[in-house]
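Dear colleague,

Please find the structure below. My notes on it follow.

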Amino acid sequence: MPFVSIRISGSATKDQKSAIVADVTQSLVGRLGKDPAAVQIVIEEVSLENYGAGGILLADRDAPTPKPQEDAHAESSQ
């Protein structure tokens with residue numbers, strides 16, 4: 001009995017997860033001859049605040065960078 005565990009960062013819609021389950025099941029049926037009823041798939045959504053890569057949280061990496069504030073004196077002297 002195949003057991004597939006999939007982890008994704010962030011979230012996916014129900015329709016997207018349904019399509020992933022169908023695609024992975026079909027792949028195991030087609031490539032390994034498995035019975036589709038025996039294929040078990042778990043999708044785990046990992047919050048971007050609970051997943052780090054390259055030394056930083058994905059939530060911090062994907063956060064918009066603040067724009068530098070413009071110097072108010074430079075504008076008023078022109």
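From the N terminus on, the elements of the chain run β-α-β-β-β-α-α, that is, three helices and four strands. Helices (H or I, at least four residues) and strands (E, at least two) are DSSP runs, numbered from the N terminus. This is a predicted model, in which local features need pLDDT of at least 70 and side-chain atom pairs count only at pLDDT 80 or more, while totals for chains, interfaces and linings use all residues. Residues are numbered from 1 along each chain as its sequence is written, and side-chain values use heavy atoms, with hydrogens and water left out.

The mean pLDDT (the predictor's confidence in each residue, from 0 to 100) is 88 for the chain. Confidence is highest in H1, at 98, and lowest in helix H3 (residues 72–76), at a mean of 56.

Strands E1 (residues 3–9) and E2 (residues 40–46) run parallel and are joined by seven bridges; two strands pair if DSSP finds at least two bridges between them. Within this pair, Ile6 stands opposite Ile43 in E2.

What does the span of H1 show? The end C-alpha atoms of H1 are 27 Å apart, which agrees with the 27 Å that its 19 residues should span at 1.5 Å a residue; the expected span is 1.5 Å times one less than the number of residues. After H1 comes Gly33, with a positive phi near 70 degrees.

Ile6 also has contacts (heavy atoms within 4.5 Å) beyond its neighbours within four places in sequence, among them Ile20, Val24 and Ile41.

Yours sincerely
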